[in-house]
Structures are given as structure tokens and as C-alpha cells.
Amino acid sequence: MKSIILAGGIGSRLFPLSREYYPKQFIKFKALGKSLFQLTFERTLKLSNIKDIFIITNEKHKFLVLGQIEELGYNFNEENILIEPIGKNTLPAIYYGVKVIKEKDVIAVFPSDHLIKDEDEFIKTVKEGVKLADNYLITFGIKPNKPHTGYGYIKPGEKLDIGYKVEEFKEKPDLETAKEYVKKGYLWNSGMFLFKTDIFEEEVKKLCPEVYEAFKEDDINEVYRKVPDISIDYGIMEKSDRVAVIPINIKWSDLGSFDAIYEVFDKDDNGNIIHGENIVLNSKHNLVYTHGGKLVSLIGIDDLIIIDTRDALLICNKGESQKVKDVVKYLKQKG
Ligand code: GDD
Ligand code: MG
């Protein structure tokens, strides 16, 4: 099996920790000892030979990718790092990988910003998934524990050999709809996919002809100038009638926001996560990360996210960290 690792996102909801030049998938969390990208790479090696792993990223992050793999003790072929001239979201990124791989084969696609606790179960389920690959694009479904609006939702339909045919796929619904979906037994899309190259290509041609056409250009700069900015979820998964879902019972988290980080990592007796030399008195349920070389003291502060870096400080209510990306948007507009 071949694997594609998507490592070109900028992780704007983790600003100021995640930066254009150092996005979240490369940040080394103390509690993990490695970056999410490194963990993803090691996990992928359990499914694919190193020569069959393709990493889609951009020029700015190429050396982070190579450096972090080297740190793990592997020698990675630079030709397997595909450089996008600009990010156009996950559909062009995945299709770029598929075009370079060329041969008819089964490909697994993995984001590089996920934390997965039960790796053996994960590997077993992905391997089993190959059974469905002759007929379906395969998604892996996670049982939701809340109406998160940052995920795709999947309604399992007709039972298959393993898993189900997908009756409906809805990307990032609003809160009311998400609540309804959770009640009705929909699954979260884990963002990991498995498919045969020829079926994927047929679906891109049928459902996103602009993407299909753009990739006919010889020059990759021209391809990316033409190709629309679209995710695989909106572009293919919502529209295709050849999607299957395999429920996967693992502890999984997209560490996409500071609230997600707070949920996943261990907390002290007061429900605080404190990273850095800080003084915290009479304060509960905070996430404090300082890396800016100064001491931060909290007195009687509850439910805040405080992220202090060398040149930027973020203070945000817990539960509102999805909006951090608006700060980045604002900064970009300001130029
Ligand atoms: N190379 C490349 N180029 N990679 C990209 C690009 C790009 O333009 N844009 C995003 N990525 C990478 C990110 O780094 C991440 O690893 C992965 O693709 C997924 O992108 P996200 O931007 O994190 O997607 P999401 O989390 O909002 O939504 C997706 O994942 C959810 C689960 O985590 C969707 O598939 C949802 O349906 C799903 O529930
Ligand atoms: Mg994500």
C-alpha cells in the first residue's frame, strides 16, 4: 500500500504557537516527546515501506519535514516530498500525490495533525479496509462525543462486508445540525482515506472537472494557478455515491485548536495545564503555555487559554479557540 501524508496546512487556529514557518504539525509537544508529524510518519511506516510514502507540503516546510524524519533515524528520499507552489487545500494536494504515484494501487491518505492513541487497532482497521477498495472510496468514522462543528459528519447506510455504504456526508455543519446528527448516530469523518487510484481519478473527473483539467498542465505552477481551492470533503466526499465508511474505535483527536489540546493532555489537580515556569494561584481549568522567556503569574483566573510566545501573546476564553484563526486572517489582511 502507498501512503500520502498531508503536511501543508498552516494550523491557523493554533496561533501564535503555530506559525506560517512553523505550523502545528511540526511543534514538539512536551507530553508527546515528538511532533504530530513525526508520530504520523512512524504510524504510516507500519502500513507502507518508506519508499512508498509521499509527503505533500510546500517549499517553506520541506526542510522541517526532512529534518524531523532524520531525527527519527530515517533517510527519506527527497523525491517523495512533493512541493506545492501554493496551498489549494486537500483535494489538489491529494490529487497531486495520486498523479505522481501514477500506478494503479491502493493509497492511504493521512493528515499530519492527528493524535491517535490505539495504533494497533488503527493499523488493523486500515488494512481491513482494503477489502472495500475495489468499489469504494473509504472513510474511517469516529463515534462523536459532542456536536463539534469543525468535522465532517457521515450517515452510515447499507451494511457492507465490513463497514457501511455512506448515505450522506456533510462537511462542517452548523451547531444545530451537528447536534441533530450526533443524536441520529452519524459518525465523524476522521479525515483519513483509503482508495484505489483509478476510482479516485474517475470521481475527480466526474465531480470536480476543474481540478481534473488543471492537472493536465505540464508545469506544476500552472496547475496550481488554475486549480480551485477545495477540500476533498466538499469536492468529492459530499458528492460521490461511491463512498463507504468503516467505524474505527480509537482514541483520536485532531489537535486543531487550543480547546482540543486542553481536552487531550493531562491536567493537574486544579484542572490546569501549565507549560513553562509560571506561578498559578487559586486558578482553575486554564491552559497556559509560555515560551516567551518571561514569567507569567495567574491569580484567581479560571477557564482561560494563555499562550505567550516571543513576539505575540494570546488570551482567549476556553470554548472560543476556534476563532483564533480570525486573528490570523486579520493579520494577513493587514499585510
Ligand atoms: N499539502 C497540503 N496542502 N496539505 C494541506 C493543505 C494544503 O493546501 N490544506 C490542509 N492540509 C493538511 C493539513 O496540514 C492537515 O494535515 C490535513 O491536510 C487536513 O486539513 P485541515 O485543514 O486540518 O482539515 P480539517 O481538520 O478542517 O477537516 C478535515 O479533517 C477533519 C478531521 O480532522 C476534514 O476531512 C473533516 O471532514 C474531518 O472531520
Ligand atoms: Mg485538521
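## Buried cysteines

A residue is called buried when its relative accessible area is under 20%, exposed when it is over 50%, and partly exposed in between, using a 1.4 Å probe and protein chains only. C316 has 11% relative accessibility, so it counts as buried. C208 is buried too, with a relative accessible area of 2%.

This is a predicted model: local features need pLDDT of at least 70, side-chain atom pairs count only at pLDDT 80 or more, and totals for chains, interfaces and linings use all residues. Residues are numbered from 1 along each chain as its sequence is written, chains are lettered from A and ligands numbered from 1 in the order in which they are written, and side-chain values use heavy atoms, with hydrogens and water left out.

How many disulfides are there? The count is zero, where a disulfide is a pair of cysteine sulfur atoms within 2.5 Å.

Helices (H or I, at least four residues) and strands (E, at least two) are DSSP runs, numbered from the N terminus. Two strands pair if DSSP finds at least two bridges between them. Strands of a sheet pair through backbone hydrogen bonds, either parallel or antiparallel.

Start with β4, residues 106-111. Six of its six residues are buried, so β4 is largely enclosed by the rest of the structure. One face carries V106, A108 and F110; the other carries I107, V109 and P111. Both faces are covered. Strand β1 (residues 2-6) runs parallel to β4, joined by five bridges. There, L6 has P111 as its bridge partner.

## Strand β9 and its partners

Which strands pair with β9 in the antiparallel sense? Strand β4 does, over four bridges. G141 has N189 as its bridge partner in β9. Strand β7 (residues 152-159) pairs with β9 in the antiparallel sense over two bridges. Here Y153 is partnered with W188.

Strand β9 is mostly covered: nine of its 10 residues are buried.

## Strands β2 and β3

Strand β2 (residues 53-58) pairs with β3 in the parallel sense over four bridges. I56 stands opposite L82 in β3. Strand β3 covers residues 81-84. Is its chain buried or exposed? On one side, I81 and I83 are buried; on the other, L82 and E84 are buried.

## An open sheet of four strands

Another group of strands forms an open sheet, in the order β12-β14-β16-β17. The pairing is mixed. β12 (273-275) and β17 (313-317) stand at the edges, each with a single partner strand, so one side of each has no neighbour in the sheet. On average, neighbouring strands of this sheet are turned by 5° against each other, direction ignored. For such angles, axes are lines fitted to C-alpha atoms, for helices over the stretch in contact, and angles run from 0 to 180 degrees between N-to-C directions.

Strand β14 covers residues 287-290. It runs parallel to β12, and three bridges join the two. I273 stands opposite L287 in β14.

## The largest pocket

On a 1 Å grid over the protein atoms alone, a pocket is an open set of points with protein on both sides within 12 Å along at least five of seven lines, while a cavity is a set where a 1.4 Å probe fits but cannot get out; lining residues have an atom within 4 Å of a point. Grid points are joined across faces, edges and corners, and a volume is the space filled by probe spheres set on the points.

The largest pocket has a volume of about 1,500 Å³. Of the 50 residues that line this pocket, G9, I10, N89, T90 and D113 are the closest to its centre. Elements giving two or more residues to the lining include β2, β3, α3 (90-101) and α11. The largest share, four residues, comes from β9.

## The one cavity

The structure holds one cavity of 30 Å³ or more. About 40 Å³ of space lies in the largest cavity. Its lining residues are R13, H148, Y151, D254, G256, S257, A260 and Q322.
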